[in-house]
Every structure is written in structure tokens, then in C-alpha cells.
Amino acid sequence: MNALAPLSWLYGAGVALERGRRSVPGLGDADRPRVVSIGNLEAGGNGKTPLAMWWLARALATGGRAACVSRGYGGAMLPGVVTCVLPGDVAAADASGLRVLARSHPDLAAMVGDEGALVAERVPGAIALFCADKRRAVHAAVRMGADLVVLDDGFQSWGVARHTDVVLLDADAPLDGGHLLPAGRLREKPDALRRADVVVFNGADTRAALDAARDRVAHW
């Protein structure tokens, strides 16, 4: 048995308690804006931010007003809700009571994290909002007129209501052996996939690889 297994059991129990304490119901089809969470089960990155940027760009291409909500992981964690804006959006941000950072700020990555800065720079047409409390950032997106809100790394954001949960998995090791932190890399048990509306496999270069990855998680 892995020597860290007892700690993983404690970690799993804590996650279950927190989920039960903070979870809120999902949104209905009539609720607007549309809120989509993009997340994963494993600690670390596996393509969430590129997928979020793709989704934002698709929404903008159809004429929608899209917003990305992130915790700003790795940033300076400024108080309140922070938005990265183009010059023409400053008035709207000020009217919504937000802290404003220019997208051209020389220390943008230090303030909102590398991934947050990447979204702000690569998808300039999208509203970019950062807050430790993602619910507050979603409410700010509503005030700024967003039609679509994409939650980057949102699968474990229990207190944020959404319409759709998208979960990314590594096609080569989609559930990392099923081991929770710290014995493995999973944030939640594999059965958390039952909450997912869409599963995206990252790294499958062939249809056969995709089918194999899908077969490995089909039970969940």
C-alpha cells in the first residue's frame, strides 16, 4: 500500500465535506448568461486555459459578449474583483465597481497569474475577470453584459452555479491510477466524473487512442 494512502483518505473526506457544504444547484436553460465550467480531476495543467480561450473566441466570432472568470492563480491576489481591460472598456469597469488593470500592464502576469495574462492578451475581445471568490466575478460579468461566462478551472468551484461542466482528461493516463492527493494527482475520486456534462481527452493523436481512453473511464 502507498505510504501516503492514509493522507489521501483524509484528503478525500475533506473534499467530500467541503463539496457537501458549499455546493449549489445548477442553472436552468432560461438562466442567463450561459455559464460553462472548464476543469479537471488532476492537480496541475492539462489544457484547460487553451480550451477556455477557444470557447471564448468561438463565442466572440458569433457576435456574443463573452467573459472569462479565473481565480488568477499565481498572481498577487488583489482584493475584490479585478478586470483586465482595453482603453474603451475602462468606463464600464469603473461603473461596475471593479479594480482595473490595463491589458498592456508590464506586470500583468505578476498581478493575475501567467494563465490569466495569457487569456487577457490572446483574447482581447473577451472580458477577463479575476477574484478568489469566483461568484463575485460571475456577478461582475453579468453587470458588464456578458452572454457567456467561462469558468477557467471551475470543476471544484462548488459555490458557483453553472449550466455545463466540461472536464479535461489526459488520454494517456485519464485517471492517474485513481489515487487522490497526496498519494496521486487526483483532486477528487473518479466517480466525480458523473457530474461532468462533457469529457474532453487531451493528447489522443488517433481515433484508437481516443477510444482506448474513453473505455478506461466509461465505468465512471
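**Helix packing and pockets**

Author: In this predicted model, the residues Thr 49, Met 53 and Leu 56 of α2 meet Glu 115, Leu 118, Val 119 and Arg 122 of α5. By class, this contact of α2 with α5 has four nonpolar, one polar and two charged residues.

Reader: At what angle do α2 and α5 pack, and how far apart are their axes?

Author: Two packed helices are described by the angle between their axes and by the distance between the axes. Here helix α2 (residues 48-61) packs with helix α5 (residues 114-122) at about 25 degrees, and their axes are 10 Å apart. Angles under 35 degrees count as roughly parallel, so α2 is roughly parallel to α5. The crossing in which α2 passes α5 is right-handed.

Reader: What is the volume of the largest pocket?

Author: Empty space is found by rolling a probe the size of a water molecule over the atoms. The largest pocket has a volume of about 690 Å³. It is lined by 30 residues, and the closest to its centre are Arg 71, Tyr 73, Lys 134, Asp 153 and Arg 187.

Reader: Which element gives the largest share of the lining of the largest pocket?

Author: That is α1, with four residues. The elements that give two or more residues to this lining are α1 (5-22), α2, α5 and α6 (134-143). By class, the lining has seven nonpolar, ten polar and 13 charged residues.

Methods
Residues are numbered from 1 along each chain as its sequence is written. This is a predicted model: local features need pLDDT of at least 70, side-chain atom pairs count only at pLDDT 80 or more; totals for chains, interfaces and linings use all residues. Side-chain values use heavy atoms; hydrogens and water are left out. Axes are lines fitted to C-alpha atoms, for helices over the stretch in contact, and angles run from 0 to 180 degrees between N-to-C directions. Angles under 35 degrees count as roughly parallel, over 145 as roughly antiparallel, 65 to 115 as roughly perpendicular and the rest as oblique. A crossing is left-handed if the near helix is turned anticlockwise from the far one by less than a right angle, and right-handed if clockwise. Contact means heavy atoms within 4.5 Å. Ala, Val, Leu, Ile, Met, Phe, Trp, Tyr, Cys and Pro count as nonpolar, Asp, Glu, Lys and Arg as charged, and the others, Gly among them, as polar. On a 1 Å grid over the protein atoms alone, a cavity is a set of points where a 1.4 Å probe fits but cannot get out, and a pocket is an open set with protein on both sides within 12 Å along at least five of seven lines; lining residues have an atom within 4 Å of a point. Grid points are joined across faces, edges and corners, and a volume is the space filled by probe spheres set on the points.
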